[in-house]
Amino acid sequence: MQTIDLRSDTVTRPTDAMREAMLRAPVGDDVYGEDPTVNALQERLAADLGFAAALFVPTGTQSNLLALMSHCERGDEYIVGADAHTYRFEGGGAAVLGSIQPQPIPQEADGTLPLDKVEAAIKPIDPHFARSRLLALENTWHGRPLPFDYLGKARELASRRGLGFHLDGARLFNAAVAYGRPARDVVAGFDSVSVCFSKGLGAPVGSVLLGSTDLIERAKRWRKVAGGGWRQAGMLAAAALHALDHHVARLAEDHARAARLAEGLGTIDGLTVKGCHTNMVFVDVPAARLADLATHTAAHGVRLSIGYLPSIRLVTHLDVDDAAIERTIAAFASFAY
């Protein structure tokens, strides 16, 4: 029985076509700037999304860290959602490695930061305070695309108050597909954007940070300091290029399968579907039954992430087909809640 892994879209495996593209990729030493496939990826994504420069890095966590350290200096602060990945799930890297203070703002249910609270959190110019330098948003957030008009309002505030404007766009293309808009429109006005290829786009590793030429030069130095300089990385960049060509439009299939999963689970007594957003479904079950549910679904070949979030999060991706969705619904339906 083939296992259905719904813990995250990070568990995707390269397709045969992606592996072939990786095998054929011309490579060089990227620390010297001589890997042609890495350069092609950076140039293409910068052109596609409307930025002057880009930098290919190993992980989304490092990409966000390099952005924060390139925008801010020691003793500066960035304003961020209290449940945002850059604040809550990246090991405190900005504070540990960059001496950058986070100023968390509780998020609304749709993932937005109330802009009146953001503005109130901006520090006055005074030696008693950290210097407010950056506003960081996340799109999508727990699968939710931020309201599109909110992006423009946040951009106006950042510009008016002299803040840099960063987007953790780990699932940027999921957001773009959900909006029905080009990704370039989604990132318009941001000073920097991090894009991850190892989630729904299905590459084995890698993220790209985009920004101005000066910001990317600073980020390149911090990448080296953080141990992220790599050599013949073109094989990995080839996977990302393949994903751009073949795996963006198909994200709509993941969204549709998540909707079908939510629909099916919603008919089961004892389960509460809390929401379905892009490729993520959130369900609640009685807390006392969680451990038994995990054992039950595992026995049916369905892997879940239980205990990491208050709700169970099920994530569809390119390794989950229609049959897997129906098997998952059946596994949940056969459990006594």
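Student: Helices (H or I, at least four residues) and strands (E, at least two) are DSSP runs, numbered from the N terminus. With that in hand, where is S99 placed?

Tutor: This is a predicted model. In it, S99 lies in the loop that runs between α5 (93-98) and β4 (101-105).

Student: Changing topic, is the peptide bond from N139 to T140 cis or trans?

Tutor: The bond from N139 to T140 is cis, and its omega is near 5°. Most peptide bonds are trans. T140 belongs to the loop between β5 (131-138) and α7 (148-160).

Student: What does the UniProt record say about residues 5-286?

Tutor: An unreviewed UniProt entry annotates residues 5-286 as the domain "Aromatic amino acid beta-eliminating lyase/threonine aldolase". Over that stretch the chain is 42% helix and 18% strand.

Student: On to sheets: in what order do the 3 strands of the open sheet run?

Tutor: The order is β9-β10-β12, with antiparallel pairing. The edge strands, β9 and β12, each pair on one side only. From one strand to the next, the twist averages 20°.

Student: How many bridges join β10 and β12?

Tutor: β10 and β12 pair over 4 bridges, in the antiparallel sense. V283 stands opposite I312, a residue of β12.

Student: Now α13, please. Which residues of α13 are buried?

Tutor: In α13, which spans residues 290-299, the buried residues are L293, H296 and T297. They lie on the same side of α13, because they cover an arc of only 90° around the axis.

Student: Why would residues three or four places apart point the same way?

Tutor: An α-helix has 3.6 residues a turn, so residues at that spacing point the same way.

Student: What is on the face turned away from the buried side of α13?

Tutor: That face of α13 carries the exposed residues A291, T295 and A299.

Student: What do the buried residues of α13 pack against?

Tutor: They pack against β11 (302-303), β12 (312-315) and α14 (322-333). Just after α13 comes G301, whose phi is positive, about 80°.

Student: Staying with α14, is A331 buried or exposed?

Tutor: A331, which is in helix α14, is buried, with a relative accessible area of 1%.

Student: Which residues does A331 touch, leaving aside those up to four places away in sequence?

Tutor: A331 touches H296, H300 and V302. A331 and H296 are 35 residues apart in sequence. In space, their C-alpha atoms are 7.8 Å apart.

How values were computed:
Residues are numbered from 1 along each chain as its sequence is written. This is a predicted model: local features need pLDDT of at least 70, side-chain atom pairs count only at pLDDT 80 or more; totals for chains, interfaces and linings use all residues. Side-chain values use heavy atoms; hydrogens and water are left out. UniProt positions are given in the numbering used here, feature names are shortened, and annotations may be inferred rather than shown by experiment. Buried means under 20% relative accessible area, exposed over 50%, partly exposed in between (1.4 Å probe, protein chains only). The arc is that of the directions from the helix axis to the C-beta atoms. Contact means heavy atoms within 4.5 Å. Two strands pair if DSSP finds at least two bridges between them. Axes are lines fitted to C-alpha atoms, for helices over the stretch in contact, and angles run from 0 to 180 degrees between N-to-C directions.
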